[in-house]
Amino acid sequence: MTGVLTLYRTSVGKKVIMAVTGFILVGFVVFHMYGNLKMYQGPEVFNAYAAGLRELGYPVFGHEHLLWLARVILLVSVVLHIWSATMLTMQSQKNTFANGVSGMRRYGEKKRQTGYAAYTMRFGGIVIFLFIIYHLLHLTFGVVGYGPGEFKHPHGGEYEVYSNVVIGFQNPLISAFYLFTMVFLGFHLYHGVWSMFQTLGLNSAIYTRLLRGLAVLIALAVVIGNISFPIAVMAGIVGPAA
Amino acid sequence: MKLTLKVWRQKNGKTPGEFKTYQAEHISPDMSFLEMLDVVNQDLITKGEEPIAFDHDCREGICGMCSLMINGVAHGPKQAITTCQLHMRSFNDGDTITIEPWRALPFPIIKDLVVDRSSFDRIIQAGGYISVSTGSAPDANTIPVPKPDADKSMDAAACIGCGACVAACPNGSAMLFVAAKAAHLSFLPQGQVERYQRAVNMVMQQDLEGFGNCTNIGECSAVCPKEISMDTIARLNRDLIVAALKGIEPAAQPAEARAG
Amino acid sequence: MSEIKNETTTRTGVRSVEFVKSLESKAPGGPIEQRWDKHRFEMKLVNPANRRRYTIIVVGSGLAGSAAAATFGEQGYNVKCFCYQDSPRRAHSIAAQGGINAAKNYRNDGDSIFRLFYDTVKGGDFRARESNVYRLAQVSVNIIDQCVAQGVPFAREYGGYLDNRSFGGAQVSRTFYARGQTGQQLLLGAYQALSRQIAAGTVKMFPRTEMLDLVVVDGRARGIITRDMVTGKIERHVGDAVVLATGGYGNVFYLSTNAKGCNATAIWRAHRRGAFFGNPCFTQIHPTCIPVTGDHQSKLTLMSESLRNDGRIWVPKKKGDTRRPQDIPESERDYYLEERYPAFGNLVPRDVASRNAKQVCDEGRGVGPGGQGVYLDFADAIKRLGKQKIAERYGNLFDMYQQITGENPYEVPMRIYPAVHYTMGGLWVDYNLMSTVPGLFVAGEANFSDHGANRLGASALMQGLADGYFVLPYTVANFLAGVKPGGLSTDHPAFAETEAEVSDRVKRLLSINGKRTVDSFHRELGRLMWDECGMSRNDAGLRKALRRIPELREEFWQNVKVPGDGGELNQELEKAGRVADFFELAELMCIDALHRTESCGGHFREESQTEDGEARRDDENFSYVAAWEYTGNLAKPELHKEPLVFEYVKPSQRSYK
């Protein structure tokens, strides 16, 4: 335990928290995208999927038990992810701002020599966080983005998520916002997935290309999958239930 | 060639600095970048002005003393070389060149383009060595070292401690420097005994000096004149996690940081 | 003494005082292979509990300095170590490329301690002390062990054992190497050992601190005066012994392969305080450097000698031939080394290759801008082995060449020219590496060294580490055991006096406010030294230099312009102090070169050559170390001679025909 505390005291320790919580969140994002593909199988399958999620782990776990466990883990992960990011950002800013002259950037001129994705992590992270809040208010709670009565809350174990999604994405402004944030999610995943392995020390000269490839794959899969939903709705491929 | 230079001038660590513009005339493409600055300085001295202070020594890319942020890139536009190895043929007649010092909290400016990098020395003092006293070594061939390991160790050991990694890092992190030393020693059988303790001690000292943290951006490796790989950082991270599992604590009180 | 020599000495006003003051080498007698062991046993020891009461000052943090400071620290002494760079890791030892010799005989190819000793004495053209050289060969073996244990990543074979190569024309493979960065890796090993002691509190490091004078109290070296290069503060440091490991003085030539900051101030100031200067004229010129491109040139870059293994050296037969090299037909090329030295060809020793390059360039057949260069052509090797193989062997060097010159050596022949690389001369030391000032020890390139009149490739690193790790720790202890620790404070009048002199000098340099920059003086001095005291020397030229140097020095002190003030980082002030000392040293080098009318090793006197233009050594008259004493008059130093006795290696004339 003392060793773990020592690690925690270092900047790398906070990075490890980022990586581990990031791993959980990546897992969620992939699962979330994959599950939503059921939308293409029509309202019955999709709505049944939503209902089925509540029964995960049956018969050992009861109604919504595992789902709540997952929610708690995800919530803790998000909090820790943001907290460690804040701590690390503050450490870096203290360093890089201190030597500049007040009112001046660190360098008069600075050229980027590597990929753009890594530079979007902090800003992109904020965008993604705001998006998550909107997304929950929108498709989960139905308090924004719907006309009166358009959003159908679950009742009696029946879920109308299909109709909610279709109606929700028929608003072009909302769809555009979803598409826009997915760009940041893509960058975040592309850098984050590789970075996670790097931080956990699982990267090496042999694996680095493989892991970069994996990062591209996950980022592309999630982004393409996710943007397909609003596009499909807007293009009428996924339409209101007959 | 004729060039316009925008150079950071700062009298000392306590006085704020500013950019000043100079005209560099009669520059030959065969000159090295530092020789170009020599020419400018000779001019300034003759005119009765203070020459631009910059660090340099071997002028063959190995001592690690030269620095300079040139047009926003550490060690200038060409890859895998130091500023002293950069030649003026890499620029065009009439160019404007911005020249700045390394900027990071643990690298306080001493004067103009000269910074204090003694924080790097203190990181090495915190554990960047193998504890062997003179005279106690066994015959050199007692322990064979697999050639691939020796080669990887040498790749990391090529670090010249110039600080470009810190200068280029948006976080001002020294992880590439720390990781290069850790990898140099951890790839060798002789370095195994203190491997995890060394990793902990050096990273603790790095944090204490006020360097930023690594967010795996890769600017460090991109500007590194010796092309040290980011793989070394992953390796150091792994060693730190193993150290945590082994319950290793920092051996001694880390040396007091002078900066910060 | 020959008649001619007598004339020479009178005309230059050198007082020859042979046998008046004998220089005791303190080398023990008996069989050479037992001398060091015997001496080690006979030397006195310091009780471990007493060691921390002794302070040892180490100036310089290169291989010799770092190694010595670290080892003293490990032994428990109180050490203060100084370097002018911002970190001890930057000392110029770091730039050595090729390798380090050691008589390990891992190749089973006939190497032995005796053979390394023999090769070094012979390679040095019989101007080194046998006992010292033998000891060097003996401890070379321990150096490799120590460095491997420290984590120096030497090149390995596939079996995991250490790789060796043959270097500089040696007949055995005894050179250990770490790619082309051997010096760097060895220095980092020593730096790490030093860092460990700094952390342990036994060594206090003073980076960006320059030694400006030696403090001698009652005839003993007791401290130094330094300048903090950041704050400009002049400080006093007291110790029980002072070790100078400040490197060579090649920068007296302005252009050399030395780092820009390399200087002779520490050893020169010590010389002025009574340390004799040994063989100052012995300088080594390296044949394979990248030629000068213009007046802006600030330093020269060395390329590994290994290039001569496959490259062919030539110049056009016709004078002033300006055709592109590829347009010059085979029949109009002069492969002068292959023709003159059929047995060794392009692999003749450094001094021979350098001299011949100068000769063809002086004839007007040099190539490139200014005609100061010869071709090193890989066309045949590429044809024979393929571009791939050449790239494998020399890829890094070719890239470096292209980076500097902008020419592609795979397509156009390289241009090379000799450059000053190493100085064999330095402060005279006895077998214990102690100078003529008791308590002042000198190590590495700074001493007059074990290399005689010419150093073999891969031997500089060996000597630096031998002195630092394995010689000084014994001999300094022996000295300390004979003196009481401490007992002196920096308030002693000698400190105040020396500090005042240093401060006055700094003030004087800042107050001249003349018209010429320090660099312009340094360049002019360098040019003069290169022309008259460089690759080949003659009576008339040296006399000319001896007239010109004092004039130039006078002008320097009247007309130099040093901007800024002394209380801050002032790089021009640093340079000015160093150049002022170079002026004085340059004069001594010329005096020494003039008095030594023989040719030996790196010192080629045009008057002393065979019919076919080869160096002719004169053992009858010059088989001695010339140790010069400062008399207060720079033009009239006093010559002392340490006769050299060769019991094991019989002097013979070198021949590479």
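# A walk through chain C

Start with the chains: 2 pairs of chains are in contact, and chains B and C share the most contacts. Keep in mind as you go that this is a predicted model. Now select chains A and C together. These two do not touch, and their nearest C-alpha atoms lie 19 Å apart.

You will find 17 helices and 22 strands in chain C. How compact is chain C? Its radius of gyration is 24 Å, close to the 26 Å that the globule rule gives for 657 residues, so chain C is as compact as a globular protein of that length.

Now look inside. Of the 657 residues in chain C, 58% are buried. If you take contacts in chain C between residues at least 6 apart in sequence, 74% of them join residues at least 24 apart.

Time to colour the domains. The domain assignment of chain C gives domain 1, residues 287-421, and domain 2, residues 492-619. The centres of these two domains of chain C, taken over C-alpha atoms, are separated by 30 Å. Where they meet, domain 1 of chain C puts in 5 residues and domain 2 of chain C puts in 5 residues.

For your last stop, select helix α9 of chain C, residues 350-365. Which part of domain 1 gives the largest share of the side that touches domain 2 of chain C? Helix α9 does, with 4 residues. By type, the residues on that side of domain 1 of chain C are 1 nonpolar, 1 polar and 3 charged.

Conventions
Residues are numbered from 1 along each chain as its sequence is written. Chains are lettered from A and ligands numbered from 1 in the order in which they are written. This is a predicted model: local features need pLDDT of at least 70, side-chain atom pairs count only at pLDDT 80 or more; totals for chains, interfaces and linings use all residues. Two residues are in contact if their C-beta atoms, placed from the backbone, lie within 7 Å. Helices (H or I, at least four residues) and strands (E, at least two) are DSSP runs, numbered from the N terminus. The radius of gyration is taken over C-alpha atoms; the globule rule is 2.2 Å times the number of residues to the power 0.38. A residue is buried if 20 or more other C-beta atoms lie within 10 Å of its own, exposed if 12 or fewer, and partly exposed in between; C-beta atoms are placed from the backbone. Domain bounds come from an automatic or database domain assignment. Ala, Val, Leu, Ile, Met, Phe, Trp, Tyr, Cys and Pro count as nonpolar, Asp, Glu, Lys and Arg as charged, and the others, Gly among them, as polar.
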